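Biologist: I have a model open and would like to learn how to read it. Could you take me through a few features, giving the general idea and then the case here?

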Amino acid sequence: MPNIKSAKKRVLITAKKNEQNRAYKTRMNHAIKKFNNAIDTNDIEGAEKLLPETMSIIDQTVSKGVIHKNQAANKKSALSKRLSDVKSGKITIVIKKDNKTIAAEKAKAAQEVREKQKAEYQAKAAERKAARLEAQKAKLEAEAQAKKGAKKKTADKKTADKPEEVKEKKATKKAAKTEDAPAEEKPKAKRAPTKKAAAEQAPVEEKPQAEEKAE
(Lines give C-alpha, C1' and ligand atoms only; values in the text may rest on other atoms or scores of the structure.)
Protein backbone atom coordinates (compact mmCIF):
# COMPACT_ATOMS: atom_id res chain seq x y z
CA MET A 1 0.00 0.00 0.00
CA PRO A 2 1.35 3.47 -0.86
CA ASN A 3 2.25 5.79 1.97
CA ILE A 4 2.48 9.07 0.06
CA LYS A 5 -0.69 11.11 -0.35
CA SER A 6 -0.27 11.60 -4.13
CA ALA A 7 0.32 7.87 -4.61
CA LYS A 8 -2.84 7.09 -2.66
CA LYS A 9 -4.75 9.54 -4.83
CA ARG A 10 -3.33 8.01 -8.01
CA VAL A 11 -4.52 4.57 -6.90
CA LEU A 12 -8.05 5.88 -6.43
CA ILE A 13 -8.04 7.68 -9.79
CA THR A 14 -6.74 4.59 -11.59
CA ALA A 15 -9.45 2.42 -10.10
CA LYS A 16 -12.10 4.92 -11.12
CA LYS A 17 -10.76 5.12 -14.69
CA ASN A 18 -10.60 1.35 -14.95
CA GLU A 19 -14.28 1.11 -14.03
CA GLN A 20 -15.17 3.73 -16.64
CA ASN A 21 -13.08 2.05 -19.34
CA ARG A 22 -14.62 -1.32 -18.46
CA ALA A 23 -18.10 0.17 -18.84
CA TYR A 24 -17.28 1.68 -22.26
CA LYS A 25 -15.74 -1.56 -23.47
CA THR A 26 -18.70 -3.60 -22.19
CA ARG A 27 -21.11 -1.27 -24.01
CA MET A 28 -19.14 -1.71 -27.27
CA ASN A 29 -19.00 -5.49 -26.93
CA HIS A 30 -22.77 -5.68 -26.25
CA ALA A 31 -23.48 -3.63 -29.37
CA ILE A 32 -21.25 -5.90 -31.51
CA LYS A 33 -22.87 -9.01 -30.00
CA LYS A 34 -26.33 -7.68 -30.75
CA PHE A 35 -25.34 -7.03 -34.38
CA ASN A 36 -23.89 -10.54 -34.77
CA ASN A 37 -26.99 -12.12 -33.20
CA ALA A 38 -29.17 -10.31 -35.75
CA ILE A 39 -27.09 -11.80 -38.57
CA ASP A 40 -27.06 -15.27 -36.96
CA THR A 41 -30.86 -15.25 -36.79
CA ASN A 42 -30.96 -14.17 -40.48
CA ASP A 43 -32.50 -10.81 -39.58
CA ILE A 44 -30.89 -8.77 -42.33
CA GLU A 45 -33.10 -5.71 -41.89
CA GLY A 46 -32.38 -5.58 -38.16
CA ALA A 47 -28.65 -5.94 -38.82
CA GLU A 48 -28.74 -3.05 -41.31
CA LYS A 49 -30.40 -0.85 -38.70
CA LEU A 50 -27.93 -1.87 -35.99
CA LEU A 51 -24.77 -1.36 -38.11
CA PRO A 52 -24.58 2.48 -37.87
CA GLU A 53 -25.44 2.40 -34.17
CA THR A 54 -22.69 -0.14 -33.52
CA MET A 55 -20.14 1.90 -35.48
CA SER A 56 -21.01 5.07 -33.55
CA ILE A 57 -20.56 3.22 -30.23
CA ILE A 58 -17.12 1.98 -31.43
CA ASP A 59 -16.15 5.55 -32.36
CA GLN A 60 -17.22 6.78 -28.90
CA THR A 61 -15.05 4.11 -27.31
CA VAL A 62 -12.09 5.30 -29.41
CA SER A 63 -12.73 8.92 -28.39
CA LYS A 64 -12.59 7.92 -24.72
CA GLY A 65 -9.21 6.28 -25.33
CA VAL A 66 -10.35 2.80 -24.39
CA ILE A 67 -9.21 1.17 -27.66
CA HIS A 68 -6.91 2.23 -30.46
CA LYS A 69 -8.37 3.79 -33.58
CA ASN A 70 -6.89 1.07 -35.80
CA GLN A 71 -8.57 -1.60 -33.68
CA ALA A 72 -11.86 0.28 -34.04
CA ALA A 73 -11.37 0.45 -37.83
CA ASN A 74 -10.74 -3.30 -37.97
CA LYS A 75 -13.89 -4.00 -35.97
CA LYS A 76 -16.03 -1.73 -38.16
CA SER A 77 -14.68 -3.20 -41.41
CA ALA A 78 -15.29 -6.76 -40.15
CA LEU A 79 -18.91 -5.95 -39.28
CA SER A 80 -19.65 -4.26 -42.59
CA LYS A 81 -17.92 -7.07 -44.55
CA ARG A 82 -19.95 -9.75 -42.81
CA LEU A 83 -23.20 -7.93 -43.58
CA SER A 84 -22.27 -7.42 -47.22
CA ASP A 85 -21.24 -11.09 -47.59
CA VAL A 86 -24.57 -12.24 -46.17
CA LYS A 87 -26.44 -9.95 -48.56
CA SER A 88 -24.46 -11.09 -51.59
CA GLY A 89 -24.83 -14.76 -50.64
CA LYS A 90 -21.15 -15.51 -50.08
CA ILE A 91 -21.98 -16.62 -46.57
CA THR A 92 -24.96 -18.87 -45.85
CA ILE A 93 -26.35 -18.38 -42.39
CA VAL A 94 -27.03 -21.56 -40.46
CA ILE A 95 -29.26 -20.59 -37.61
CA LYS A 96 -27.69 -21.83 -34.43
CA LYS A 97 -29.82 -22.75 -31.50
CA ASP A 98 -28.55 -22.67 -27.99
CA ASN A 99 -29.84 -24.87 -25.21
CA LYS A 100 -32.13 -22.15 -23.94
CA THR A 101 -33.78 -21.72 -27.34
CA ILE A 102 -34.14 -25.49 -27.78
CA ALA A 103 -35.71 -25.82 -24.33
CA ALA A 104 -38.11 -22.94 -25.12
CA GLU A 105 -39.11 -24.56 -28.41
CA LYS A 106 -39.71 -27.91 -26.69
CA ALA A 107 -41.83 -26.24 -24.03
CA LYS A 108 -43.81 -24.40 -26.72
CA ALA A 109 -44.38 -27.64 -28.67
CA ALA A 110 -45.50 -29.44 -25.50
CA GLN A 111 -47.86 -26.56 -24.71
CA GLU A 112 -49.35 -26.75 -28.21
CA VAL A 113 -49.86 -30.51 -27.83
CA ARG A 114 -51.57 -30.02 -24.47
CA GLU A 115 -53.83 -27.32 -25.89
CA LYS A 116 -54.70 -29.55 -28.84
CA GLN A 117 -55.55 -32.47 -26.55
CA LYS A 118 -57.61 -30.17 -24.35
CA ALA A 119 -59.52 -28.85 -27.37
CA GLU A 120 -60.20 -32.42 -28.56
CA TYR A 121 -61.40 -33.46 -25.11
CA GLN A 122 -63.68 -30.42 -24.88
CA ALA A 123 -65.09 -31.15 -28.35
CA LYS A 124 -65.78 -34.79 -27.41
CA ALA A 125 -67.36 -33.69 -24.12
CA ALA A 126 -69.58 -31.23 -26.00
CA GLU A 127 -70.62 -34.00 -28.43
CA ARG A 128 -71.43 -36.37 -25.54
CA LYS A 129 -73.44 -33.66 -23.81
CA ALA A 130 -75.36 -32.87 -27.00
CA ALA A 131 -76.10 -36.58 -27.53
CA ARG A 132 -77.26 -36.93 -23.92
CA LEU A 133 -79.53 -33.90 -24.26
CA GLU A 134 -80.98 -35.25 -27.51
CA ALA A 135 -81.64 -38.63 -25.86
CA GLN A 136 -83.38 -36.93 -22.93
CA LYS A 137 -85.42 -34.80 -25.31
CA ALA A 138 -86.44 -37.85 -27.35
CA LYS A 139 -87.37 -39.69 -24.14
CA LEU A 140 -89.52 -36.79 -22.96
CA GLU A 141 -91.20 -36.54 -26.35
CA ALA A 142 -91.90 -40.29 -26.31
CA GLU A 143 -93.36 -40.05 -22.80
CA ALA A 144 -95.48 -37.06 -23.83
CA GLN A 145 -96.75 -38.93 -26.89
CA ALA A 146 -97.49 -42.00 -24.76
CA LYS A 147 -99.46 -39.89 -22.27
CA LYS A 148 -101.26 -38.19 -25.11
CA GLY A 149 -102.11 -41.56 -26.67
CA ALA A 150 -103.34 -42.90 -23.32
CA LYS A 151 -105.52 -39.82 -22.81
CA LYS A 152 -106.89 -40.18 -26.33
CA LYS A 153 -107.69 -43.85 -25.74
CA THR A 154 -109.48 -43.09 -22.48
CA ALA A 155 -111.38 -40.26 -24.16
CA ASP A 156 -112.35 -42.55 -27.06
CA LYS A 157 -113.41 -45.22 -24.59
CA LYS A 158 -115.52 -42.72 -22.68
CA THR A 159 -117.10 -41.45 -25.87
CA ALA A 160 -117.75 -45.04 -26.96
CA ASP A 161 -119.35 -45.94 -23.61
CA LYS A 162 -121.27 -42.69 -23.28
CA PRO A 163 -124.00 -43.34 -25.88
CA GLU A 164 -124.82 -46.64 -24.21
CA GLU A 165 -125.00 -44.93 -20.82
CA VAL A 166 -127.10 -42.15 -22.29
CA LYS A 167 -129.37 -44.72 -23.89
CA GLU A 168 -129.64 -46.59 -20.63
CA LYS A 169 -130.37 -43.37 -18.74
CA LYS A 170 -132.96 -42.37 -21.31
CA ALA A 171 -134.53 -45.81 -21.14
CA THR A 172 -134.68 -45.71 -17.35
CA LYS A 173 -136.14 -42.21 -17.42
CA LYS A 174 -138.73 -43.28 -19.98
CA ALA A 175 -139.62 -46.33 -17.95
CA ALA A 176 -139.97 -44.20 -14.84
CA LYS A 177 -142.23 -41.77 -16.71
CA THR A 178 -144.36 -44.57 -18.06
CA GLU A 179 -144.71 -45.98 -14.56
CA ASP A 180 -145.66 -42.61 -13.04
CA ALA A 181 -147.92 -41.45 -15.87
CA PRO A 182 -150.80 -43.93 -15.40
CA ALA A 183 -151.01 -43.20 -11.71
CA GLU A 184 -151.25 -39.50 -12.36
CA GLU A 185 -153.54 -39.67 -15.36
CA LYS A 186 -156.13 -42.12 -13.95
CA PRO A 187 -159.29 -40.04 -13.34
CA LYS A 188 -161.10 -40.73 -10.11
CA ALA A 189 -164.39 -42.53 -10.69
CA LYS A 190 -167.35 -40.47 -9.59
CA ARG A 191 -169.42 -42.29 -7.04
CA ALA A 192 -173.19 -42.19 -7.34
CA PRO A 193 -174.78 -40.16 -4.58
CA THR A 194 -176.23 -42.21 -1.84
CA LYS A 195 -179.87 -42.13 -0.96
CA LYS A 196 -179.16 -40.31 2.30
CA ALA A 197 -177.29 -37.55 0.55
CA ALA A 198 -180.03 -37.29 -2.04
CA ALA A 199 -182.65 -37.12 0.69
CA GLU A 200 -180.73 -34.40 2.48
CA GLN A 201 -180.45 -32.37 -0.68
CA ALA A 202 -184.07 -32.79 -1.69
CA PRO A 203 -185.90 -31.31 1.37
CA VAL A 204 -183.59 -28.32 1.39
CA GLU A 205 -184.61 -27.56 -2.16
CA GLU A 206 -188.34 -28.35 -1.74
CA LYS A 207 -188.86 -26.55 1.58
CA PRO A 208 -189.47 -23.16 0.17
CA GLN A 209 -192.18 -24.55 -2.18
CA ALA A 210 -194.06 -26.03 0.78
CA GLU A 211 -193.96 -22.71 2.56
CA GLU A 212 -195.30 -21.00 -0.50
CA LYS A 213 -198.21 -23.44 -0.73
CA ALA A 214 -199.11 -22.86 2.97
CA GLU A 215 -199.36 -19.17 2.39
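Biologist: At what angle do helix 1 and helix 2 pack, and how far apart are their axes?

Modeller: Axes are lines fitted to C-alpha atoms, for helices over the stretch in contact, and angles run from 0 to 180 degrees between N-to-C directions. Helices themselves are DSSP runs (H or I, at least four residues; strands are E, at least two), numbered from the N terminus. In this predicted model, helix 1 (residues 5–40) packs against helix 2 at about 160°, and the axes are 9 Å apart.

Biologist: How do I put that angle into words?

Modeller: Under 35 degrees counts as roughly parallel, over 145 as roughly antiparallel, 65 to 115 as roughly perpendicular, and the rest as oblique. Helix 1 and helix 2 are therefore roughly antiparallel to each other.

Biologist: Is the crossing of helix 1 and helix 2 left-handed or right-handed?

Modeller: A crossing is left-handed if the near helix is turned anticlockwise from the far one by less than a right angle, and right-handed if clockwise. Here the crossing is left-handed.

Biologist: Which residues of helix 1 and helix 2 meet?

Modeller: Contact means heavy atoms within 4.5 Å. From helix 1, the residues include Y24, M28 and F35, and among their counterparts in helix 2 are L50, I57 and T61. By class, this contact has twelve nonpolar, four polar and two charged residues. Ala, Val, Leu, Ile, Met, Phe, Trp, Tyr, Cys and Pro count as nonpolar, Asp, Glu, Lys and Arg as charged, and the others, Gly among them, as polar.

Biologist: Is T61 buried or exposed?

Modeller: Buried means under 20% relative accessible area, exposed over 50%, and partly exposed in between (1.4 Å probe, protein chains only). T61, in helix 2 (residues 44–63), counts as buried because its relative accessibility is 2%. Not counting residues up to four places away in sequence, T61 touches Y24, M28, V66 and I67.

Biologist: And how does I91 compare with those cut-offs?

Modeller: I91 lies in the loop between helix 3 (69–88) and helix 4 (99–185). It counts as partly exposed, because its relative accessibility is 33%.

Biologist: What is the mean pLDDT of the protein chain?

Modeller: pLDDT is the predictor's confidence in each residue, from 0 to 100. The chain's mean is 81, with 77% of residues at 70 or more. Over residues 204–208 it stays under 50, and that stretch has zero contacts beyond four places in sequence.

Notes:
Residues are numbered from 1 along each chain as its sequence is written. This is a predicted model: local features need pLDDT of at least 70, side-chain atom pairs count only at pLDDT 80 or more; totals for chains, interfaces and linings use all residues. Side-chain values use heavy atoms; hydrogens and water are left out.
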